[in-house]
Amino acid sequence: MAEGFDIDHLAKLARLSLTAEEKALYSSQLNQILGHFQALANADLPATIDDARVVDEAALRSDEPGPVLGAEAVTRIAPASRDGQISVPRVVDDES
Amino acid sequence: MSNVPPDWEVVIGLEVHVQLHTRAKVFASSPWGFGKEPNEQVDPVVLGLPGTLPVVNREAVEKSILFGLVVGAEIPERCAWDRKNYFYPDNPKNYQLTQKDFPVVVGGQVEIELPGASRNVMGEHKFIRIHHAHLEEDVGKLSHAGSGSLVDYNRAGVPLLEIVTEPDLRSSAEAEAFLRSLVAMLTQAGVADCDMEKGQLRCDCNVSVRRRGAEKLGTRTETKNLNSISSVRDTVIYETARQIRELEAGRSITQETRGWNAELARGYVLRDKEDAHDYRYFPDPDIPTLKISRETVTRLAKQVPENLYDRQRRYVEKLGLPYTAASVLVNDRALAEWFEAAVAAHPANPSGIANLVANDLLRDLAASAGAAGAFDEAAPAPVSLASCPIKPAQLAGLVKLTDDGVISKQQAKEVFAEMFKTGQDAAAIVDAKGLRQNSDTGELEKIVQEVIADPAVAKSIAEYRAGNEKAINALKGPIMKRTQGKANPVLIDQLLRKFLG
């Protein structure tokens, strides 16, 4: 199957910098995955399959507040934190 | 500078993100609210930790449906959620749960009113079509500190209704009017509080320009994350001018995502725009498609309040209110209902009641509250009627006393002030202060005759008899003075006309 993706663009979206070897490896693996989905798409399935995952409103949750983790627990599972907040490399979304 | 050259037309579409009025988050039971310490309103579902599953909050769905019914939209039998994939630290799961193909609300329209030529003249009305509205989760909040950024996930997972308009808006004034109308509808139906200072309503603004008469839409830009009506207005004005300038200089418009710097009042290009297909949307496997029963839709339809402009038309046409008073009352549902309760207690004079409510009552309530409007800087602060010392029937009683000629309009203001201070009935205050007007015709006749006989007013009498209607007013002062202001002005007028023939 022909490649339906641009590995450099995907790497950029995933914020990954890949070596040439990694690009080749992941391209090949992605092609296998896409081929698998192509096989699924080609399968002759009944049109009503969607009904299997339809629920009615009984499956909704009531608007009752429950317990929270607390900032201490939230920041503990993060690689870095400061003043109760999770610390990440600077992301720029302001005027530049 | 909002003037668009006559040969150009601006086309605007808005995406309005509204935090719905719920206690828990949209897919998790974590509570949410403004002003909490960072990351104190987060649970494992919000973070998408292994083993957790999102379950949709019923209240968030019903508030979304209610919005749809308010704008006369279709509520499809099924709605479903999708994953919008992107990597950014405001998003703990690396995808946002949203609705791409099967939104909860489809279609509908919002009536807007443009400013009139002056405050007491009603402006043009228009309908702005809604394309759809979908229920999604809000994302976390980033703040930038030195070389790094800090993330607070309290806002992540807050129910967010994204309302998408058709490109029906044609000026900054229409965009402003649309947002005012939308906010009034959302708050009056209890769908959302729309407090912009708390970030409860944020807007993305799509703008393009074209030569007037052209069919084809121009290339549009999207300015994201506007958090006040004035920012939306200023963005439209800025973007319109910029695009026309570019096109007239022979350059083209790039389809791009932009930001708005409110302090510098200028827009800027956001870097690294991801295209729609970059989000790699796919149906969320954790949340089944939701079937919405027609019983639920029927039940919620009963909660839809009267549309504010239907109410305004009713006030003007059926109750005979001046436009100015009607437009003030209908903006606040609680105030309008308070007014209607007063009218029910004294149906003879809705305008008299409206005048006191829209002027005196609002002024005194605002003075005792003090807060400023948040999302809409130009709008009056919302007042709390819960703590209003005057009850509707009491205000009706005051207007009735004035209508019956027991006290004058001037005295009514004084009684109103006292009522606001003490919460007493108007009649009790009138009696306690001895304000009842003298309606004893015999005594008043004598005073009127004495005043007319005074040579000092002979000139006014002559003028009146010569046809100058206004000259009669010069005689009322001395009569009022001699009765210490207690004479019924209506009666004085009648007696003067009788004696002067």
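## Strand pairing in chain B

In this predicted model, strand β3 (residues 82-85) of chain B pairs with β15(B) in the antiparallel sense, over two bridges. Within β15(B), the residue opposite B:R83 is B:F282.

Both strands belong to an open sheet of three strands, in the order β4-β3-β15 (chain B), with antiparallel pairing. Its edge strands are β4 (95-98) and β15 (282-283) of chain B, each of which pairs on one side only.

## Interface between chains A and B

The contact between the two chains involves 37 residues of chain A and 47 residues of chain B. On the chain A side, the elements giving two or more residues are β1 (54-55), α3 (71-76) and β3 (85-89). The largest share, five residues, comes from β3(A). By class, the side of chain A that touches chain B consists of 17 nonpolar, eight polar and twelve charged residues.

## Helix packing in chain B

Two packed helices are described by the angle between their axes and the distance between the axes. For helix α10 (residues 392-403) and helix α11 (residues 409-422) of chain B, the angle is about 160 degrees and the axes are 10 Å apart. Angles over 145 degrees count as roughly antiparallel, and α10(B) and α11(B) are therefore roughly antiparallel to each other. Their crossing is right-handed.

From α10(B), the contact draws on B:Q394, B:L398 and B:T402; from α11(B), on B:K409, B:A412, B:V415, B:F416 and B:M419. These residues divide into five nonpolar, two polar and one charged.

## Confidence

The model has an ipTM of 0.80 and a pTM of 0.85. Chain B averages a pLDDT of 91, and 95% of the residues score at least 70.

Residues 371-375 of chain B have a pLDDT below 50. Beyond near neighbours in sequence, this stretch has 15 contacts in the model. Where pLDDT is low, the predicted coordinates should not be read in detail.

Conventions
Residues numbered from 1 in each chain as written. Chains lettered and ligands numbered in written order. Predicted model: local features only at pLDDT ≥ 70, side-chain atom pairs only at ≥ 80, totals over all residues. Contact = placed C-beta atoms within 7 Å. Helix = DSSP H or I, 4+ residues; strand = E, 2+ residues; numbered from the N terminus. Nonpolar A, V, L, I, M, F, W, Y, C, P; charged D, E, K, R; others polar. Axes fitted to C-alpha atoms, helices over the stretch in contact; angles between N-to-C directions. Parallel < 35°, antiparallel > 145°, perpendicular 65-115°, else oblique. Left-handed = near helix turned anticlockwise from the far one by under 90°. pLDDT = per-residue confidence, 0-100. Pairing = 2+ DSSP bridges.
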